[in-house]
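Please keep the viewer open while you read.

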Amino acid sequence: MATRRGIPPRGTPFEVVRTLLEEGGMHRAELARHLQTSRATITNTITTLLEQGLVEPETLTSDTATGDGKAPLKEKLVLARRAGIIGAAIHQDDSTIVGLGEVDGRVISTRALPCSPDATGPERISTALTALRELLDELPAPHPPLHGLHVAPNTLVNRYTGEVLGGATSTRWSKVNIRDEYEEGLGTAVVLENLARHAAYAQYGALESPLPRNLLHVSLSFGVALGQVLDGRIISGAHGGAGELGHVSIDSNGPICRCSHRGCLFNYAGADNVLEESRIVTGTALSLDEAIDLALAGDDRVVSIFSRAGAAVGMALNPVCNLLDPDLILIGGRLARAGDVILDPLRDALFRSALPLFGRDLRIEPAATLTDQALVHASLRALRLDVDLAAAVLAAHDPATVDAS
Ligand SMILES: [Zn+2]
């Protein structure tokens, strides 16, 4: 991206493209206000971008899609598909969701790829790459340039190097560099974000105004993980490891965890522990859904197991709240289906020890069930935080345009 010294440029193609990327469709007048420039400047820039086919009226009709580079003055303008597309791959425990979208985050297509929880990383990547290529082939040829891919793996990964680090899930991902595999497979920039952090961003994207300033999303399943969206941004940490709540110790004399430390939350609130304790009290090896159904039916023996798990999560969240001061905590993951059986003890444990400032207005609620479309949409929007898509769009079309910005 080229910038002028002194007064920053206003209303350049780069700025208009970036604004449409970040804000979505806008009228000319809105663009002029947003970029603090004149309508005449914006009209000149838009005329150029219309002629290049990089922007188009939001609603293409037979009248507007005449290819003459014109658009009704009052029509909202959006980035055209010709500007390029971006993609997503979300690796959940038992499925992979892939999708394609416009560079401004509008979803074009999604596909769900069921897989065994035991499938290896290379198997999952191979399946996802095949599906992404098929989705690209379904676009009218020649398909626009692919400017980036957002990948959310269900493993602890260094998001900047692609290196997989530790953990039981990670053994299935070992010996594979996730970033390199996707970059080589599709020849595009790849941004990694751990699934828990991505889930938090997707939940944030599904909320209605007023949006929370600081959102925490706790995923309670066979792993226990936290995602945090502070002031609208995912907090990933220096390596992508911020939010490993499952390995926060709540008892220095507790059982030894698979991470070799003692008393990690994971050993109290993870689904494996819930199932083992349920097996002991019922004498039956239950599935997780069966255990949750017993808890919801009021079976005291199982309710107390979920209650202890919820209280343990509440204890572990206390220092997190002291550090981050969230205004909304969403509880998701498979254990969250137990509803208030797990949420009430969680709230009790957290609020019992909460400081007045964060405790007074903090809400703790179940997370929403998101569609594949919402998950892909969140990936496409998150990509903008790490890839300069405006520069990529202009460079792919005409490198001179970027230099001129
Ligand atoms: Zn641990």
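Buried means under 20% relative accessible area, exposed means over 50%, and partly exposed falls in between (1.4 Å probe, protein chains only). Helices (H or I, at least four residues) and strands (E, at least two) are DSSP runs, numbered from the N terminus. This is a predicted model, where local features need pLDDT of at least 70 and side-chain atom pairs count only at pLDDT 80 or more, while totals for chains, interfaces and linings use all residues. Residues are numbered from 1 along each chain as its sequence is written, and side-chain values use heavy atoms, with hydrogens and water left out.

**Helix α1 and the cores**

Let us begin with helix α1 (residues 13-23), which is largely enclosed by the rest of the structure because 8 of its 11 residues are buried. Those buried residues are P13, F14, E15, V16, V17, T19, L20 and L21. After α1 comes G24, with a positive phi near 85 degrees.

Which residues touch the most other members of the largest nonpolar core? They are V16 and V17, in a core of 49 residues. Helix α14 (residues 372-383) supplies the largest share of this core, 6 residues. A second, separate core has 39 residues, among them I305, A309, V313 and I342. Here a nonpolar core is a set of buried Ala, Val, Leu, Ile, Met, Phe, Trp, Tyr and Cys residues joined through side-chain atoms within 4.5 Å.

Contact means heavy atoms within 4.5 Å. Leaving aside neighbours within four places in sequence, V17 is in contact with L49, L79, A390, V393 and L394.

V302 sits in helix α11 (residues 300-324) and counts as buried because its relative accessibility is 0%. Not counting residues up to four places away in sequence, V302 touches S278, T282, A291, L294 and A295.

**Domains**

An automatic or database domain assignment sets the bounds: domain 1 (13-79), domain 2 (84-197 + 372-387) and domain 3 (208-366). Between domain 2 and domain 3, the C-alpha centres lie 27 Å apart. Their contact takes 12 residues from domain 2 and 18 residues from domain 3.

**The zinc site**

Donors are N, O and S atoms within 2.8 Å of the metal (3.2 Å for Na, K and Ca); water is not among the atoms, so sites may look incomplete. For the zinc ion, the protein donors are H247 (ND1), C257 (SG), C259 (SG) and C264 (SG), at 2.0 to 2.4 Å. Their spacing in sequence is H-x9-C-x1-C-x4-C. The site is tetrahedral, with angles of 102 to 123 degrees among its 4 donor atoms; four donors count as tetrahedral if all angles lie between 85 and 135 degrees. For comparison, the ideal angle for four tetrahedral donors is 109.5 degrees.

The cysteine donors have these accessibilities:

| Residue | Relative accessible area | Class |
|---|---|---|
| C257 | 4% | buried |
| C259 | 27% | partly exposed |
| C264 | 1% | buried |

**Backbone details**

Most residues other than glycine have a negative phi, and most peptide bonds are trans. A cis peptide bond joins A141 and P142, with omega about -10 degrees, and P142 lies in the loop between α4 (121-138) and β6 (146-152). Another cis bond joins S209 and P210, with omega about -5 degrees.

D231 has a positive phi near 50 degrees and is exposed at 58% relative accessibility. D325 also has a positive phi near 50 degrees, and is partly exposed at 38%.

Methods: Four donors count as tetrahedral if all angles lie between 85 and 135 degrees; four count as square planar and six as octahedral if opposite donors are over 155 degrees apart and all others between 65 and 115; anything else is irregular.
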